[in-house]
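Please keep the sequence and the 3D view open while reading.

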Amino acid sequence: MSTKPEKEQESAATPQEDSAVERFKHAFLNNLHYVQGKDKTTATPTDNYIALAYTVRAKLMERWLSTRRAQHEAGAKKVYYFSAEYLMGRQLRQSLMMTDSTEIARTAITELGLDINELIAQEPEPGLGNGGLGRLGACFLDSLATMDIPSMGYGIRYEFGIFKQSFQDGWQVESPDNWIQADNPWDFPHLNDNVEIGFGGYTETYTDEDGKPHSRWIPDRTVLGIPYNMMVPGYKTNTVNTLRLWTAKASQEFNLKVFDAGNYDRAVEQKNYSETISKVLYPNDNTPQGKQLRLEQQYFFVACSLVDILRDFRKDNDNWDDLPNKVTIQLNDTHPTVAVAELMRLLIDVHLLEWKRAWGIIQKVFASTQHTLLPESLERWSVSLFKRLLPRHMEIIYEINHRFLELIKSRFPNDYNRISRMSIIEEGHDKQIRMAHLACVASYSVNGVAALQSKLLRERLLPDFYELWPEKFNNKTNGVTPRRFMHLANPRLSSLITSKIGEGWLNNLDKLKKLEKLTEQAEFRKAWRDIKHQNKQDLAVYIEETMGLKIDSNSIYDIIVKRLHEYKRQLLKALHIVTLYNRIKANPDIDIYPRTFIFGAKAAPGYYMAKLIIKLINSIAKTVNNDPDVRDRLKVVFVENFNVSLAQKIYPAADISEQISMAGKEASGTGNMKFALNGALTTGTLDGANVEIRDCVGPENFFLFGLTTEQVFDRKARGYHPWEFYNNNQELRQVIDKISSGYFANGDSELFRPIIDSLMGEDEYMLFADYQAYIECQDRAVQTYRDTEKWTRMSILNAARCGFFSSDRAMHEYCTNIWQVKPVKVEMDGSG
């Protein structure tokens with residue numbers, strides 16, 4: 001496959017290519033005519049996009065079927081990845097790349113009088129995730145397929161993904177993301193694999209013919225899970241794995257008797273209630289109904305998935321003890337942890353295994369990843385809710401906990417505080433199930449996602465479990481797929497790299513190290529700079545077209561894009577902008593290098609403080625962008641609806657990557673990796689994977705500031721008083737006073753009062769403590785940027801030394817050190 005940018009493809013077509021183009025055109029027209037009932041005169045751009053997508057999908061379908069056959073025949077151990085989120089991104093361009101048909105499709109579509117870029121733009125983006133967790137799952141599935149690992153992802157096919165974000169008067173406004181309102185060519189149902197699951201009801205005991213007691217669950221309602229398959233192709237391989245997403249349907253959609261009685265609403269009540277389960281990603285859980293729906297979602301997808309897995313296992317296996325040799329299930333964070341209780345129920349209640357044997361199997365099947373360092377983010381479920389919704393599972397969890405606590409008592413006699421700390425059930429007025437504890441007890445492996453975070457898991461978040469089972473705990477630093485976030489996102493840079501180090505680096509990112517020796521070649525540095533500037537121009541065009549705001553592509557693009565949370569400290573970036581603005585207001589002729597600050601973030605609908613921070617940033621932008629004293633030296637941009645597609649425009653254009661969370665709070669981050677691989681320099685704290693990025697690129701190529709994790713803990717232990725920093729730092733005081741005065745709120749001094757009160761009162765994430773170091777760090781970064789050649793060398797070295805952060809490396813570590821799985825090569829008959 002050519003790695004040149006689209007506009008540079010000029011070689012003459014060979015006879016074979018001509019034939020391939022004609023076949024592609026024929027297939028496209030067939031999909032337009034016979035699948036959609038349209039012709040060229042009546043087809044809309046969406047119709048043409050769907051025809052193109054089906055044409056490309058057909059190229060994957062044979063490989064997908066061959067993969068299923070090959071993996072089944074091999075009888076190899078298979079990885080099942082359970083995640084509540086997947087941010088797969090748009091599929092058409094990726095599928096063209098994976099089938100090596102980008103140029104054939106471009107030629108064919110052009111000869112049909114159509115613009116392929118217009119068709120590609122019609123594809124909606126499935127927003128089946130909230131941020132890094134969902135994108136990580138997508139990167140991992142991409143790598144597993146590329147590495148020929150038998151694997152399958154499981155999740156929910158949310159009808160409405162994460163909300164579409166817009167701004168009204170600077171406030172975030174959420175609207176539904178109905179991404180499947182039209183035909184979605186990238187997934188397809190397998191109705192024969194439907195699964196029926198239950199909720200509510202009661203349990204009962206009975207004695208079998210041998211006199212052995214058993215329990216069974218009698219649900220009071222059932223729901224059907226309909227599986228939709230999305231193909232996940234590997235790069236430069238025949239393997240096409242599967243992401244199976246479940247949608248909920250009523251087991252009885254229509255009650256004719258009730259309808260005939262004239263109660264039309266009640267006749268479809270069960271249908272509406274059941275289908276709510278897969279209606280929306282992460283319903284607001286500030287209400288009891290929202291909490292129940294979240295638990296229903298989690299149980300729904302793991303229950304359907306486990307039935308599916310066991311059904312496949314039993315086709316060729318009749319010995320349950322062989323299950324761990326054929327199946328490993330990775331729990332991506334705590335959301336799918338109810339799978340532990342469900343698999344136990346299936347083994348002891350349905351398949352009638354004895355408890356000890358079943359539990360032994362469980363502890364060899366499950367592995368778990370812990371993504372958070374925030375104690376409040378460790379998932380808990382009310383015992384009363386759980387018991388009402390999943391009564392048999394509650395009994396099973398009680399029994400798991402009882403046996404676990406007996407182990408603790410035997411290992412640590414009379415240590416009642418330890419028992420209280422480690423119990424799966426947290427006692428109190430409203431008893432809670434600690435899902436992270438259940439995951440630790442049941443899993444044979446518990447991993448963190450960055451070296452620092454894994455250390456903090458062992459020492460601070462789950463130290464008792466580490467003391468009990470040190471062999472379970474390990475680190476697997478996250479990674480990202482270079483196929484999407486370099487090759488697709490940055491084709492110019494991808495082409496330049498290939499021209500210098502050859503093919504193969506997209507499957508072995510360590511080869512980027514070969515770029516190091518090129519840093520002293522002036523011609524290469526110029527080419528690198530030119531590509532960065534072209535990418536910045538592209539982003540400037542997008543911002544002007546979508547927001548009507550002109551930005552200077554010669555300015556420094558200083559970018560922070562990530563989920564809006566106080567610990568991620570987008571607010572610290574806002575304080576920095578106001579600092580620079582104050583300097584200009586004090587001296588309009590001050591020498592300030594032009595800077596464009598670009599934000600992208602969504603705040604959870606129920607997270608008031610995060611939404612207020614968005615309002616503040618937009619208010620600062622309005623003031624700064626329209627102040628004649630600024631003279632366009634500062635521009636502040638908050639792009640709407642940040643998603644994977646927009647990320648692919650932003651990462652290649654960045655000069656500075658802002659990774660400024662308070663040390664000890666970010667699990668890993670993956671945006672930091674994507675920025676660095678595209679040549680951005682990081683301004684960051686020693687948090688998450690920033691630590692490892694700095695180690696890889698070298699301290700001299702990383703702008704470090706802020707307290708370390710140990711210093712944060714020490715400062716808080718000794719007593720942290722943010723007002724001391726306010727009183728002792730004139731610039732900080734001026735910034736806070738300006739915001740407090742209502743300067744950015746048309747004189748309303750109350751609008752941003754909650755932010756000011758939070759900072760002056762507690763400042764939980766220690767913005768004031770890190771403020772001065774951050775300002776000085778930013779000043780160093782700008783001074784370095786003025787030295788064009790030095791900055792370019794640093795940019796090249798950031799990309800060259802970040803090959804470690806490939807998701808291929810991460811998946812190799814999981815496969816080798818946790819899952820013990822091996823690749824299965826897929827052979828194709830003919831051309832495939």
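A salt bridge here is a side-chain nitrogen of Lys or Arg within 4 Å of a carboxyl oxygen of Asp or Glu. The model is predicted.

Glutamate 174 is partly exposed, at 29% relative accessibility. Lysine 611 has a relative accessible area of 15% and counts as buried, because buried means under 20%.

Arginine 529 and glutamate 789 also meet through their side chains in a salt bridge, at 3.2 Å from N to O. This pair links helix 22 (residues 522–547), which holds arginine 529, to helix 33 (residues 788–800), which holds glutamate 789, across 260 residues. Both ends are partly exposed: glutamate 789 has a relative accessible area of 29%, and arginine 529 one of 25%.

## A salt-bridge network

Salt bridges can also link several residues. Asp415, Arg418, Arg421, Asp464 and Glu467 are joined in a network of this kind. Side chains of opposite charge can pair when their charged atoms come close.

Which strands pair with strand 2? Strand 1 (residues 78–82) runs parallel to strand 2 and is joined to it by 4 bridges. Strand 10 (residues 240–250) is also parallel to strand 2, with 5 bridges between them. Glycine 153 takes part in both pairings: tyrosine 81 has glycine 153 as its bridge partner in strand 2, and glycine 153 in turn has leucine 243 as its partner in strand 10.

Lysine 249 pairs with glutamate 275, the closest N and O atoms being 3.8 Å apart. Is each end buried or partly exposed? Lysine 249 is partly exposed at 29% relative accessibility, whereas glutamate 275 is buried at 14%.

An open sheet is formed by 3 strands in the order 13-15-14, with antiparallel pairing. Strand 13 (380–382) and strand 14 (425–426) are at the edges and have a single partner strand each, so one side of each has no neighbour in the sheet. Strand 14 and strand 15 (residues 432–434) are paired over 2 bridges in the antiparallel sense. Glutamate 426 has glutamine 432 of strand 15 as its bridge partner.

Helix 17 (residues 435–442) lies across strand 13 and strand 15. The angle between helix 17 and strand 15 is about 40°.

## Helix 32 against helix 33

Two packed helices are described by the angle between their axes and the distance between the axes. For helix 32 (residues 767–785) and helix 33, the axes come within 7 Å and cross at roughly 110°. The two helices are therefore roughly perpendicular to each other.

Helix 32 makes the contact with Ala781, Thr784 and Tyr785, and helix 33 with Thr788, Lys790, Trp791 and Met794. By class, the contact has 4 nonpolar, 2 polar and 1 charged residues.

## Threonine 709

Threonine 709 lies in helix 28 (residues 709–718). Threonine 709 counts as buried because its relative accessibility is 3%. What does threonine 709 touch, not counting residues up to four places away in sequence? The contacts of threonine 709 are with Leu452, Leu456, Ala663, Gly664 and Leu686.

Conventions:
Residues are numbered from 1 along each chain as its sequence is written. This is a predicted model: local features need pLDDT of at least 70, side-chain atom pairs count only at pLDDT 80 or more; totals for chains, interfaces and linings use all residues. Side-chain values use heavy atoms; hydrogens and water are left out. Two strands pair if DSSP finds at least two bridges between them. Buried means under 20% relative accessible area, exposed over 50%, partly exposed in between (1.4 Å probe, protein chains only). Axes are lines fitted to C-alpha atoms, for helices over the stretch in contact, and angles run from 0 to 180 degrees between N-to-C directions. Angles under 35 degrees count as roughly parallel, over 145 as roughly antiparallel, 65 to 115 as roughly perpendicular and the rest as oblique. Contact means heavy atoms within 4.5 Å. Ala, Val, Leu, Ile, Met, Phe, Trp, Tyr, Cys and Pro count as nonpolar, Asp, Glu, Lys and Arg as charged, and the others, Gly among them, as polar.
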